[in-house]
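Take a moment with the chain shown below. The paragraphs after it lead you through its parts, one step at a time.

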Amino acid sequence: MKHPERHEQKRKKQSQFLEVLKRLARKPSAMIGLCIFIAVILVCAFAPVFAPYDPNFMDYTAINATPSAAHLCGCDNLGRDILSRLIYGGRYSLSLGFTCALIGMFFGLAFGTLVGYSGGAVDNVAMRICDIWMAIPGMLLCIILSAALGNGIPQTIVAMTMGGIPGSIRGTRAMALRERNMEYLEAAKAMNCSKAKILYKHMLPNIVAPTIIGTTGQIGGTIMQAAGLSFIGLGIQPPTPEWGAMCSAGRNFILTYPHLMLWPGVAILITVLSINMFGDGLRDAMDPRLKD
């Protein structure tokens, strides 16, 4: 038995998706950012193919070597090839950025949708908790948790995620407040749909897209936050080749061998800039109120 309404909904979603892609393709800055970001991901994912040396191999004849044909980005104070460490280090920086942003988005969608739809006392209590939570600056909370939990990738993920969860909940809650009085939810209530079905089958799909846009922007901020933690001696620790840790290791040589800090900083700049360029274009493409 065919369901013409389902086929019509599927066709409508496909047409909307194609329209978003067309609008995105007309944003040169977004496409440039996307191409650069994909290139960074591919290079880091296939690090053994692109890296010319082992990231931890020490060549004592090339300590603090400046860029050359043998070492395109030079070597650090232990004779390790900087380009190889940048490529391998991108794995850690990108993994932290994606993981923390996705965990924050998950909690934001799960709790923000519930709080926004429920309203009343549940909404008031949840928002007061978020207000207290957000009263502590995100980076300060991250530093406190990182120092308390210790160094390591799991501890760093927990520390960075905790600071972003209340903001994600508030953002999703605002969208849920806007959606909960829509006619399609009134129709679902009239059909005696359960609260869980209304929340996660009817309301959630209309909230996911704007949340993804916000999460895209958070990835760049999380990468910079991870680099900041490593720079001050928390988070990812040497000899792991993380970009922030590389900047921290080279700060004592900034006047004599500036390339030790230059290239990790350039890697962070290019990656975060490409993410922000793509995120801005994606926001414009998915916002139906914006016209070309």
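This is a predicted model: local features need pLDDT of at least 70, side-chain atom pairs count only at pLDDT 80 or more; totals for chains, interfaces and linings use all residues.

The chain holds 11 helices and zero strands. Read along the sequence, its pattern is α-α-α-α-α-α-α-α-α-α-α. The C-alpha trace spans about 75 × 45 × 35 Å along its principal axes. The chain has 292 residues, and 39% of them count as buried. Now look at contacts between residues at least 6 apart in sequence. Of these, 72% join residues at least 24 apart.

Next, find helix 4, residues 82–118. One partner is helix 9, residues 195–231. The axes of helix 4 and helix 9 lie 7 Å apart, and the two pack at an angle of about 145 degrees. Their crossing is right-handed. What kinds of residue make the contact of helix 4 with helix 9? By class, 22 are nonpolar, eight are polar and one is charged.

Helix 4 also meets helix 11, residues 259–286. Here the axes come within 11 Å and cross at roughly 40 degrees. An angle under 35 degrees would count as roughly parallel, and 65 to 115 as roughly perpendicular. Helix 4 and helix 11 are therefore oblique to each other. This crossing, too, is right-handed. On the helix 4 side, the contact is made by Ile-82, Leu-86 and Leu-94. Helix 11 brings His-259, Leu-260, Trp-263, Pro-264, Ala-267 and Thr-271. Sorted by class, the residues of this contact are seven nonpolar, two polar and no charged.

Now turn to the cores. In soluble globular proteins, nonpolar side chains tend to be buried together. The largest nonpolar core in this model has 18 residues. Which of its residues touch the most other members? They are Ile-82, Leu-86, Leu-94, Ile-223 and Trp-243. Helix 2 (28–45), helix 4, helix 9, helix 10 (243–250) and helix 11 each give two or more residues to this core. Helix 11 gives the most, with five.

Pick out Trp-243. Setting aside residues up to four places away in sequence, Trp-243 touches Leu-86, Gly-89, Gly-90, Ser-93, Pro-264, Ala-267, Ile-268 and Thr-271. Another core lies apart from the largest one. This other core has 13 residues, among them Leu-109, Tyr-117, Ala-188 and Leu-204.

Ile-198 is found in helix 9. Is Ile-198 buried or exposed? Its relative accessible area is 2%, and the cut-off for buried is under 20%, so Ile-198 is buried. Beyond its neighbours within four places in sequence, Ile-198 contacts Tyr-117, Leu-185, Ala-188, Lys-189, Cys-193 and Met-203. Take Ala-188 from that list. Ile-198 and Ala-188 are 10 residues apart in sequence and 6.7 Å apart in space, C-alpha to C-alpha.

Two further residues end the walk. Asp-123 lies in helix 5, residues 120–135. Asp-123 has a relative accessible area of 8%, so this residue is buried. Leaving out neighbours within four places in sequence, Asp-123 is in contact with Val-115 and Arg-173.

Asn-64 sits in the loop between helix 3 (47–50) and helix 4. With 11% relative accessibility, Asn-64 counts as buried. Its phi is near 60 degrees, a positive value in a residue other than glycine.

Conventions. Residues are numbered from 1 along each chain as its sequence is written. Side-chain values use heavy atoms; hydrogens and water are left out. Axes are lines fitted to C-alpha atoms, for helices over the stretch in contact, and angles run from 0 to 180 degrees between N-to-C directions. Helices (H or I, at least four residues) and strands (E, at least two) are DSSP runs, numbered from the N terminus. A crossing is left-handed if the near helix is turned anticlockwise from the far one by less than a right angle, and right-handed if clockwise. Ala, Val, Leu, Ile, Met, Phe, Trp, Tyr, Cys and Pro count as nonpolar, Asp, Glu, Lys and Arg as charged, and the others, Gly among them, as polar. Buried means under 20% relative accessible area, exposed over 50%, partly exposed in between (1.4 Å probe, protein chains only). Contact means heavy atoms within 4.5 Å. Angles under 35 degrees count as roughly parallel, over 145 as roughly antiparallel, 65 to 115 as roughly perpendicular and the rest as oblique. A nonpolar core is a set of buried Ala, Val, Leu, Ile, Met, Phe, Trp, Tyr and Cys residues joined through side-chain atoms within 4.5 Å.
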